[in-house]
Amino acid sequence: MKKYLPSFISGFGAGVLHIVPVAKSLACCLIVPLASFTALILDRRANPTDEKISMKKGALVGLFTGLYAALFGTVFDLFITLVTKNNDIVAMMPELQKMISAFPLSDAMRAEVLNLFESVRNDIIQYGFSPLYTFSIIINNTIVNSIVGTLGGLIGAQIINQRLNNRNEY
């Protein structure tokens, strides 16, 4: 358990930041990689050693951090949507309609996509829950956060290893 605790803690923090309005837009490119780096630092403090972090360990810590961030971010997002019966799709529906109208699609395809988004919006407004929205947010968060978390873990391991090299040279 001690092995997964840094990823859990950092993933929880990143998951919480997934629902903060301004931070939400930075989650995939900044917050999750920083959470992976933080998990590596926490792991280093929990298990002090002068050995370099292997790339495999950096990738695994990053992967688990990304998966935990996806889990918590998804749960919090779905809970807030359930309670408030509002989210980004409901709030941005007019802009979404304009954007889809500008796509080079056939009229039938455009109408089908708009109907799909409209049904998701109506489900959220009426029930606070949409199966399609839930499925899409789970898949999106899991794939994106696991990839970005793994990259953050690899880069974080390189940074920590570089610091160890610089410290050992003097």
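1. Ground rules. Residues are numbered from 1 along each chain as its sequence is written, and side-chain values use heavy atoms, leaving out hydrogens and water. As this is a predicted model, local features need pLDDT of at least 70 and side-chain atom pairs count only at pLDDT 80 or more, while totals for chains, interfaces and linings use all residues.

2. Helix 4. This one covers residues 55-84, taking helices as DSSP runs (H or I, at least four residues) numbered from the N terminus. Helix 4 has 30 residues and spans 42 Å from first C-alpha to last, close to the 44 Å expected (1.5 Å times one less than the number of residues). Just after helix 4, look at K85, with a positive phi of about 55 degrees.

3. Helix 1 on helix 4. Helix 1 (residues 5-17) packs on helix 4 at about 40 degrees, the axes being 7 Å apart. Axes here are lines fitted to C-alpha atoms, for helices over the stretch in contact, with angles from 0 to 180 degrees between N-to-C directions. That makes the pair oblique, the class left once angles under 35 degrees (roughly parallel), over 145 (roughly antiparallel) and 65 to 115 (roughly perpendicular) are taken out. The residues in contact (heavy atoms within 4.5 Å) include F8, G11 and F12 of helix 1 and F64, Y68 and F72 of helix 4. By class there are 10 nonpolar, 6 polar and no charged residues; Ala, Val, Leu, Ile, Met, Phe, Trp, Tyr, Cys and Pro count as nonpolar, Asp, Glu, Lys and Arg as charged, and the others, Gly among them, as polar.

4. Helix 6 on helix 7. Helix 6 (residues 93-102) meets helix 7 (residues 107-127) at about 165 degrees, with axes 10 Å apart, so helix 6 is roughly antiparallel to helix 7. Among the contact residues are L96, Q97 and I100 of helix 6, and R110, F117, E118 and R121 of helix 7. The contact divides into 6 nonpolar, 2 polar and 3 charged residues.

5. T74 and N141. T74 lies in helix 4 and N141 in helix 8 (residues 131-169). T74 is buried, with a relative accessible area of 7%, and N141 also counts as buried, at 10% (the cut-off is under 20%, with a 1.4 Å probe and protein chains only). Leaving out residues up to four places away in sequence, T74 touches I137, I138 and N141. On the same terms, N141 touches H18, A70, G73, T74 and S146.

Notes
Helix = DSSP H or I, 4+ residues; strand = E, 2+ residues; numbered from the N terminus. Buried < 20%, exposed > 50% of the residue type's maximum accessible area, 1.4 Å probe, protein only.
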